[in-house]
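This report describes a protein and DNA assembly for a reader who wishes to follow the chain fold, the contact between the copies and the surfaces beside the DNA.

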There are 2 protein chains.
Amino acid sequence: MGSIGLTDHLARMVTVIEVYLRKHDHAPSVEEIRVAMNMASKDHVHRDLGKLEAMEYLTRARGVARGLVLLRCADGQPFGDVITIPLLGRIAAGLPIPVPDERAEPEDSLELTRDIVSDTRGVYALRVKGTSMIDALINDGDIVILRRAQSADNGDMVAAWIKSEQQTTLKRFFVDGKRVRLQPENQTMEPIYRDADDVEVQGKVIAVIRHV
Amino acid sequence: MGSIGLTDHLARMVTVIEVYLRKHDHAPSVEEIRVAMNMASKDHVHRDLGKLEAMEYLTRARGVARGLVLLRCADGQPFGDVITIPLLGRIAAGLPIPVPDERAEPEDSLELTRDIVSDTRGVYALRVKGTSMIDALINDGDIVILRRAQSADNGDMVAAWIKSEQQTTLKRFFVDGKRVRLQPENQTMEPIYRDADDVEVQGKVIAVIRHV
DNA sequence: AGTATACCAGAACGTTTGTTCCGTGTCAAG
DNA sequence: CTTGACACGGAACAAACGTTCTGGTATACT
């Protein structure tokens with residue numbers, strides 16, 4: 001087994017489809033997959049596609065030629081150049097921000113390419129409110145891209161949930177013994193010290209986007 | 001005539017294909033286009049597709065079902081969620097940066113979505129070298145997205161070509177009478193004053209991207 | 001051994017689909 | 001009026017294509 005719940009055979013088929021799509025910009029036919037896979041029967045391909053469809057690796061429009069749409073790559077990552085990530089609201093506004101939920105449909109979303117984020121797992125976006133990170137070159141209105149994380153290293157820029165205050169802020173993260181220092185990057189603002197138990201890292205900032 | 005060298009009829013056909021692609025993720029068949037266009041003959045569609053192919057609005061793989069690939073929208077803008085823009089090198093490095101040339105293949109390129117840049121005309125990217133714009137929240141290594149422009153308004157952030165020095169820099173642009181002030185956003189740096197004839201605006205900054 | 005299950009081959013079937021052929025009407029130039 | 005370019009319709013054709021049917025082989029379980 002190569003990937004998560006995908007046999008080598010099926011993983012190879014997904015890869016075959018993937019490279020075909022990148023080369024031709026349109027989906028392969030069942031016959032074309034058969035030759036590329038060195039299989040002898042179209043029926044075999046047909047049923048494998050059925051499995052992949054059941055596993056939500058692709059979609060097939062029944063009866064339509066080349067009607068398959070690849071959803072995920074063999075590694076489980078979403079296929080395609082564009083990645084849709086949820087834009088979950090604003091941060092540093094004092095309002096609690098919900099942890100991104102796969103099930104709930106986000107109010108807004110952002111489409112990015114792999115040139116911006118290569119690994120899309122647990123990635124979400126927030127719009128920055130306020131200037132508390134101005135010295136880290138993050139301004140009011142900027143969009144920060146984060147990856148969900150439970151912990152952080154010293155100096156990481158994180159979205160931190162402060163339990164006692166029921167709010168989330170964008171700060172630089174430092175551990176001072178049993179206490180946590182949340183350092184704003186703005187000379188006019190003071191760092192926040194909290195008990196380690198009181199602070200929960202929600203995600204790390206991995207990119208910043210600003211429209212001027 | 002709606003667009004550039006495209007009759008209303010053909011423009012409508014491009015739009016039909018466009019909305020179909022957005023809805024289905026795979027190309028429409030000739031018959032489906034016929035129905036959507038309320039035409040009576042597939043042959044008619046077939047020939048219109050031939051015209052669109054000649055005008056490089058789309059590509060057809062001959063003989064393959066649903067083998068058409070839409071290249072441009074009815075308005076002439078490139079179709080698709082992802083836009084490939086040239087990454088033309090570094091700016092503020094003292095080295096002259098060539099004006100983006102449609103013919104020359106750029107060494108590197110960047111894929112973006114319309115969420116980052118909506119209008120792709122004359123858009124290119126540069127990697128920032130140096131910290132001359134640090135106070136405008138642009139750091140060394142950041143990527144700036146620019147749109148080609150011949151002129152700029154006061155306060156615009158521009159890539160400016162200084163003829164007498166044969167180099168390009170990223171600065172804020174101000175006109176002081178017959179002279180032009182190129183203002184770095186870094187307190188330790190002095191503005192550059194040049195004759196208006198000596199300065200040529202290459203493009204305006206429309207977005208900034210930073211990976212952390 | 002027998003049996004169930006999954007995997008596979010080969011052929012056939014019926015649609016879907018791109019493509020072509022022939023004919024018609026229109027409109028403007030010669 | 002004639003000619004030719006052009007837009008369009010209807011039908012037919014041949015290839016492409018998804019799908020199904022029948023049967024064969026291996027592995028595992030009882």
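Predicted model: local features only at pLDDT ≥ 70, side-chain atom pairs only at ≥ 80, totals over all residues.

Residues are numbered from 1 along each chain as its sequence is written, and chains are lettered from A and ligands numbered from 1 in the order in which they are written.

## Chain A

The secondary structure of chain A consists of three helices and eleven strands, where helices (H or I, at least four residues) and strands (E, at least two) are DSSP runs numbered from the N terminus. Read from the N terminus, the order of the elements is α-α-α-β-β-β-β-β-β-β-β-β-β-β. Chain A has a radius of gyration of 22 Å, well over the 17 Å that the globule rule gives for 212 residues, so chain A is more spread out than a compact globule; the radius is taken over C-alpha atoms, and the rule is 2.2 Å times the number of residues to the power 0.38. The C-alpha trace of chain A spans about 70 × 40 × 25 Å along its principal axes.

Chain A is divided into domain 1 (8-70) and domain 2 (82-209), with bounds that come from an automatic or database domain assignment. The C-alpha centres of these two domains of chain A lie 39 Å apart.

## Strand pairing

Strands are said to pair if DSSP finds at least two bridges between them.

| Strand pair | Bridges | One bridge |
|---|---|---|
| S7(A) and S8(A) | six | Met157(A) with Arg172(A) |
| S7(A) and S11(A) | five | Ala160(A) with Val201(A) |
| S6(A) and S11(A) | six | Ile145(A) with Ala207(A) |
| S11(A) and S11(B) | five | Ile209(A) with Ile209(B) |

In the hairpin of S7(A) and S8(A), four residues lie between the strands, and Gln166(A) takes a positive phi near 55 degrees. Trp161(A) of chain A stands opposite Glu200(A) in S11(A). Across the chain boundary, Val208(A) stands opposite Arg210(B) in S11(B).

## The contact between the chains

The contact takes 27 residues from chain A and 27 residues from chain B, with two residues in contact if their C-beta atoms, placed from the backbone, lie within 7 Å. On the side of chain A that touches chain B, strand S4 (108-113) and strand S11 (199-211) of chain A each supply at least two residues, and S11(A) gives the most, with seven residues. The residues of this side of chain A divide into 16 nonpolar, five polar and six charged; here Ala, Val, Leu, Ile, Met, Phe, Trp, Tyr, Cys and Pro count as nonpolar, Asp, Glu, Lys and Arg as charged, and the others, Gly among them, as polar. Because 100% of the interface residues of chain A are also interface residues in chain B, the copies meet through the same surface.

The surface near DNA strand C comprises six nonpolar, seven polar and eight charged residues.

DNA strand D is surrounded by 21 residues, of which Val30(A), Asp43(A), Ala40(B), Ser41(B) and Asp43(B) are the closest. The elements that give two or more residues to the surface near DNA strand D are helix H2 (30-36) and H3 of chain A together with H3 of chain B. The residues near DNA strand D divide into six nonpolar, seven polar and eight charged.

Technical notes. Near = placed C-beta within 6 Å.
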